[in-house]
Structure formats: C-alpha cells, structure tokens
Amino acid sequence: MSNQEIPAPAAEYKIRGLGRVICWLSAIALIPLLIGTVTQFRLIKTISDLLKVKTFTLQNEIATNATSLEETEVNSLLVAWVLGLAAFILLIVWSWRATENVKIWANHYGHKELKRGSGWAFWGWFVPIVNLWFPYQIVKQAWERGPFDNTFIQNSKIETLWFTSWLIWVISNFADRIIIGRWNNDETLEEIRSTYILEGANNLLLLLGAVCFILTIEKISNLHAGHPPLISQKFPIGSDSLDLTVDSKYPAGWHPVPNSDQERYWDGSVWTDAYRPK
C-alpha cells in the first residue's frame, strides 16, 4: 500500500488549543475595535457640527463632547491593540508548530519541499519585505499540506478567507503609516476630520480581516487535530467514496477511509486515531 493510501501520522504538535486562544483573543479584540470605530465616525459627525456652528456656547459644548468621544476612542483602540498583540505573539508560535506538523505530512505524502521551513515560520514575520509575503505562504501551506488527501482543499474557501485577511493586513499596515503621518501634521478641523475618515475606513477593513483570520485559524487548527475540512460532496455510508468531512452524517462506529483498505473510528463527535483493515 502506498503512502497516499496509508493514513497520515499524528501531528507532532497539538495546535488546536493554541488556535482557540488566538481566535478568542482576536474575537474579544473585535469588541473594543468596533467601539473605537463607531466612536471615530461619531467624532467625524461632531467635527462637522462644530464647523457649522458659529455660536461660542454651542462650539464649547460640542468641543467638550468631542473630547469625551476622543478619550473613548483612544482607550478602546488601545485595548484592541493589546489583545491583538497577544494574539500575534501566539500566532508566531502557532505557525512554527504548524510548519513542524506539515513537515511530517509532506514526507508522508511525498510532496515536494515545503515552500517555507520552520526558520521562516518565525523570522518571516519580522524580516522587512519578506514579511509582506512569507507569513501568508506559511499559513497557506499549513492548510494545503494537512494530514488528509489534499486534492479537494485547493482553491477552497479557507484559501480565499486567508488571502482576504492577509491582503487587508498588508493594506492596513501601509494605511497606518499614512494615518500617523497625517496626525503629526494635521492643524485644521477639516484635516482632522479627513484623517478620522481614513482611520475609520481602515478599521472597518480590519474588522473584516479579523473575522476572516479567525475562521482561517480555527479551520487549520481543527485540520491538524484530525478533523477533515467540510466539502460539498456527500456519499452514502458504506461507499468506497465515504466523505469523512461531513461529520454529522455518521453514527458512531467504523467507516471506510477513501482510497484505502482501512476503516477509521468515528465516536459520534470526532474522528479518532483508531484504524483497522476493512
């Protein structure tokens, strides 16, 4: 029996728990990020009102409201930044462990050499220019070179989600530099309002990117834990083409592995590492 037919070995590193922590940190960070973004758009409206008002009393009242909103915005975005930083540090550890896992499966399935090894799984996040692309490839190969037959996960929704998330992250980083430069040079209320509009739009993009990121990390972590990804094909129980990815269809028991003379045990909630000949 060829290596393509023999079930892949277990992951060297368990990344599912770490992936869940990353996802939870990122999800919690969405709350202050959303609050900060909404506050920015409220500030845009407040500044517009301030520009229209000519009465000193009303100007003073609106300016006081703007100061309060600005404090809320800064504090919210600071909390989101701290949570995001924690998730980023754990992501580096996660990506290194995931790369170590796919090394084993790449050898098992006879794939060509990995695009990026364990060294780049760490340094690729920090080296200038390289960090615009290598981390994207590292996470992508953690999905493509998983422990199951990989032909059905090419051009999948997860690849689209991860590409969207990464593209937004790159765009946001460049936008942040522009925004910081504008804050250092803004003098008039019109200029400040324009910068808030740019920053608010950037944060809206970040919200979308964070959701795509969370879904990506969750799916890859589950894949490395031995949970096949969901695909659209559905086959009857007992068929040689049994779809191991649609978990809820199957009762607890032994089920045939596609393109193999073995069966795998489904305990009713997860696929176990137990195999036996058909």
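Buried means under 20% relative accessible area, exposed over 50%, and partly exposed in between, with a 1.4 Å probe and protein chains only. Tyrosine 13 has a relative accessible area of 26%, so tyrosine 13 is partly exposed.

This is a predicted model, in which local features need pLDDT of at least 70, side-chain atom pairs count only at pLDDT 80 or more, and totals for chains, interfaces and linings use all residues. Residues are numbered from 1 along each chain as its sequence is written, and side-chain values use heavy atoms, with hydrogens and water left out.

Rings of Phe, Tyr and Trp (its six-membered ring) pair if their centres lie within 6.5 Å; planes under 30 degrees apart count as stacked, over 60 as edge-to-face and the rest as tilted. The count comes to 13 aromatic pairs. Two of them are edge-to-face:

| Pair | Centre to centre | Between the planes |
|---|---|---|
| Tyrosine 13 and tryptophan 96 | 5.4 Å | 65 degrees |
| Tryptophan 183 and tyrosine 196 | 4.9 Å | 75 degrees |

Helices are DSSP runs (H or I, at least four residues), numbered from the N terminus. Tyrosine 13, in the segment before helix 1, and tryptophan 96, in helix 2 (residues 56–109), are 83 residues apart. Tryptophan 96 is partly exposed, at 30% relative accessibility. The other pair joins tryptophan 183 in helix 5 (residues 157–185) to tyrosine 196 in helix 6 (residues 189–224). Tryptophan 183 is partly exposed at 31%, whereas tyrosine 196 is buried at 3%.

Lysine 14 also lies in the segment before helix 1 (16–52). Its relative accessible area is 76%, so lysine 14 is exposed.

Technical notes: Helices (H or I, at least four residues) and strands (E, at least two) are DSSP runs, numbered from the N terminus.
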